[in-house]
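Subject: Handover of the structure

Hello,

Here is the structure for you to take over. Please open it first, then read the notes below alongside it.

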Amino acid sequence: MIQFHHVFKRYPGGHEALSDVSFTLPRETMAFLTGHSGAGKSTLLKLVSLIERPTRGQVLVDGVNLGATRRRRIPYIRRRIGMIFQDHRLLYDRTVFDNVALPLVISGYRHQEIARRVRAALDKVGLLGKERLYPVTLSGGEQQRVGIARAVVNKPPLLLADEPTGNLDPALSLEIMHLFEQFNQVGVTVLIATHDLGLVQRLGHPVLTLDHGRLQADARLPEPA
Amino acid sequence: MAGADRRQPARHSLPGGLVLSHLRTLIASLGVFYRTPFSSLMTSAVLGIALALPAGLYLILVNIQQLGAGWDGTARISLFIKRSVPDAEAAQLARRLRQWPEIAQVTFRTRAQALEEFRRHSGFAGALRALKENPLPAVIIIQPTRRHSEPRAIAALLERLRQLPLTARAQLDLQWVKRLFSIMEIGQRAVHVIAGLLALAVLLIIGNTIRLDIQNRRDEIIIAKLIGATDAFIRRPFLYGGLWYGLIGGALAWLMVEVAIGLLAGPVQRLATLYASQFSLTGLGLLPGLTLLGIAALLGLAGSWLAVRRHLSAIEPT
Ligand SMILES: Nc1ncnc2c1ncn2[C@@H]1O[C@H](COP(=O)(O)OP(=O)(O)OP(=O)(O)O)[C@@H](O)[C@H]1O
Ligand SMILES: [Mg+2]
């Protein structure tokens with residue numbers, strides 16, 4: 001699903017966030033991305049979602065070389081990636097329902113279809129009763145689940161999460177991770193950046209570790225091509 | 001990604017669905033007037049005033065033009081006959097003048113007729129009755145042919161008429177109309193310049209309002225981009241916002257102009273009656289009113305488009 005070939009990322013200002021990163025993440029895999037603060041985890045995810053472009057090397061997602069993507073095509077690629085953020089990035093002046101519906105509205109779904117899919121997504125994250133509420137009235141864990149519902153409502157084949165449990169207590173974190181496992185079980189590829197090494201070890205999924213921009217891939221992941 | 005934009009049955013089929021989605025955004029973009037009614041109305045009022053000014057000036061010009069239209073463009077010469085000349089002799093002169101090739105039409109008014117007319121229209125009937133003798137001269141009103149209405153020919157005709165022995169005075173009625181027309185030409189230019197400047201002001205006001213709106217909704221724009229919104233999708237509510245500002249400003253301007261006309265109509269009517277004129281103030285009317293709305297809407301759209309073009313692409317997720 002995701003392939004990196006000798007990817008380098010140097011930010012303007014000269015800092016090299018990623019150096020010669022190569023790995024392959026097969027379809028329908030769930031994997032963790034760890035490393036110290038500043039190791040380049042967020043940068044790697046941003047390359048996949050086309051928020052940043054690599055300085056050198058190739059990034060392929062679902063067989064498509066992102067380097068050849070024109071700006072106009074970016075939205076259509078992002079629609080096939082569910083993104084989850086540590087700070088949720090919800091619209092706080094819209095209801096839970098409207099937040100989750102946004103990807104569907106953007107893609108031009110019909111009204112009835114939107115309502116049906118939003119309810120299904122909220123049901124999956126256990127927030128069905130709260131669709132009329134505003135995000136501020138929800139707890140941190142609930143807000144994160146709204147973010148997850150929004151990411152999966154479109155049924156994207158790939159989920160990227162950047163420290164989705166950063167602000168949550170261990171029990172809630174585990175709950176959220178189990179949620180990701182459920183999506184993975186129905187065939188979604190999941191890549192989660194996290195600091196929480198305890199959780200990573202406990203869940204036992206393949207791990208990609210970054211150290212100062214250099215990658216050590218787990219033995220459970222295939223050798224990069 | 002292969003088939004990234006594969007069409008799915010649950011989506012709107014073009015173009016009906018697209019129209020519906022546009023309509024929904026159009027309605028939704030009115031939301032800003034609901035969310036921030038005070039500042040939105042203030043902006044609309046400023047736009048209304050800026051649009052009402054040129055519309056009002058235009059209307060003044062139209063009305064003056066109508067006033068001038070009473071004179072049908074051809075000149076008219078009033079030939080006043082010496083008071084010592086009997087009516088019969090004057091009438092004979094009128095008949096002779098009718099034969100002149102440069103004259104199209106001749107109307108003769110005896111001293112008595114002139115007096116009657118004056119009495120009817122001036123409101124000085126009482127004062128006239130006090131006079132022993134009719135103070136007014138007989139008048140021959142001469143309308144030259146169209147060919148002889150141009151300034152040089154008419155000046156020559158006027159000169160010839162002045163040379164006639166019975167003439168007391170020959171006066172070209174057109175002169176003030178002509179002056180009025182040339183003043184109006186200047187007026188028209190001025191209105192165009194002012195309208196241009198104010199249109200620019202409207203453009204900038206709307207552009208700036210939309211720019212602020214874009215800045216206020218920065219987070220929303222970034223989130224929308226992150227989850228795959230196209231530029232067109234993000235642009236749409238702002239463009240419609242500008243359209244609404246233009247339309248509402250234009251409607252306010254129309255209203256202001258009509259109210260102003262309503263306030264002026266009474267006094268103008270009274271003044272016109274004093275001058276025995278049928279003249280009455282005309283309002284903006286449907287077509288020019290709709291034109292005003294159309295121009296306002298276009299300015300709104302253009303203003304927001306400028307803002308969107310400049311500021312929207314600068315907002316990218318990081
Ligand atoms: N926009 C940017 N411009 C310049 N340097 C940046 C930018 N974004 C990140 N960096 C630098 O790149 C390096 C990697 O950053 P990145 O955010 O990928 O780290 P991270 O592993 O996500 O860290 P954390 O765990 O703290 O989130 C850091 O040293 C950071 O300072
Ligand atoms: Mg990070």
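Start at the ligand. A backbone N or O atom of A:Ala39 sits 3.2 Å from an oxygen atom of ligand 1. For A:Gly40, a backbone N or O atom is 2.9 Å from an oxygen atom of ligand 1. A side chain takes part as well: an N or O atom of A:His195 lies 3.1 Å from an oxygen atom of ligand 1. On its own, ligand 1 exposes 630 Å², and the protein buries 64% of that. Please keep in mind that this is a predicted model.

Now the whole shell. It holds 13 residues around ligand 1. The closest are A:Ser37, A:Gly38, A:Lys41, A:Ser42 and A:Thr43. By type, the shell has 3 nonpolar, 8 polar and 2 charged residues. Which element gives the largest share of the shell? Helix H1 of chain A, residues 41-48, with 3 residues.

H1(A) is mostly covered, with 6 of its 8 residues buried. The buried ones are A:Lys41, A:Thr43, A:Leu44, A:Leu45, A:Leu47 and A:Val48. Just after H1(A) comes A:Leu50, with a positive phi of about 60 degrees.

Strand E7 covers residues 158-162. Is E7(A) mostly covered or mostly open? Mostly covered: 5 of its 5 residues are buried. In a regular strand, side chains alternate between the two faces of the sheet. In E7(A), A:Leu158, A:Leu160 and A:Asp162 point one way. A:Leu159 and A:Ala161 point the other way. All of these are buried.

E7(A) has a partner in strand E6 (residues 81-85) of chain A; the two run parallel and share 5 bridges. There, A:Ile81 stands opposite A:Leu158. Strand E8 (residues 189-193) of chain A also runs parallel to E7(A), again with 5 bridges. In that pairing, A:Leu159 stands opposite A:Val190.

A:Arg79 is in the loop between helix H2 (74-78) and E6 of chain A. Its relative accessible area is 13%, so A:Arg79 is buried, the cut-off being under 20%. Its side chain reaches a residue of chain B: a polar atom lies 2.8 Å from the backbone oxygen of B:Gly228.

The other is A:His88, in the loop between E6 and helix H3 (96-107) of chain A. At 11% relative accessibility, A:His88 is buried too. Its phi is near 65 degrees, a positive value in a residue other than glycine. Most residues other than glycine have a negative phi.

Then the antiparallel strands of chain A. Strand E1 (residues 2-10) pairs with strand E4 (residues 56-61) over 5 bridges, in the antiparallel sense. A:Gln3 has A:Leu60 of E4(A) as its bridge partner. E4(A) also runs antiparallel to strand E5 (residues 64-65), with 2 bridges. Here A:Leu60 is paired with A:Asn65 in E5(A). So which residues does A:Leu60 link up with? A:Gln3 and A:Asn65.

The hairpin of E4(A) and E5(A) has 2 residues between the strands. One residue there to check is A:Asp62, which takes a positive phi near 55 degrees.

A:His6 is in strand E1 of chain A. Its phi is about 45 degrees, although A:His6 is not a glycine.

Last, chain B. It is divided into domain 1 (17-69 + 181-311) and domain 2 (76-171). The centres of these two domains, taken over C-alpha atoms, are 52 Å apart. B:Ile154 is in helix H7 (residues 151-163) of chain B. At 3% relative accessibility, B:Ile154 is buried.

Best wishes

Note on methods
Residues are numbered from 1 along each chain as its sequence is written. Chains are lettered from A and ligands numbered from 1 in the order in which they are written. This is a predicted model: local features need pLDDT of at least 70, side-chain atom pairs count only at pLDDT 80 or more; totals for chains, interfaces and linings use all residues. Side-chain values use heavy atoms; hydrogens and water are left out. A residue is near a molecule or strand if one of its heavy atoms lies within 4 Å of it. A polar contact is a pair of N or O atoms within 3.5 Å; within protein, one must be able to donate a hydrogen and the other to accept it, and residues adjacent in sequence count only if both atoms are side-chain atoms. Accessible areas come from the Shrake-Rupley method with a 1.4 Å probe; for residues, only the protein chains shown count as cover. Helices (H or I, at least four residues) and strands (E, at least two) are DSSP runs, numbered from the N terminus. Ala, Val, Leu, Ile, Met, Phe, Trp, Tyr, Cys and Pro count as nonpolar, Asp, Glu, Lys and Arg as charged, and the others, Gly among them, as polar. Domain bounds come from an automatic or database domain assignment. Buried means under 20% relative accessible area, exposed over 50%, partly exposed in between (1.4 Å probe, protein chains only). Two strands pair if DSSP finds at least two bridges between them.
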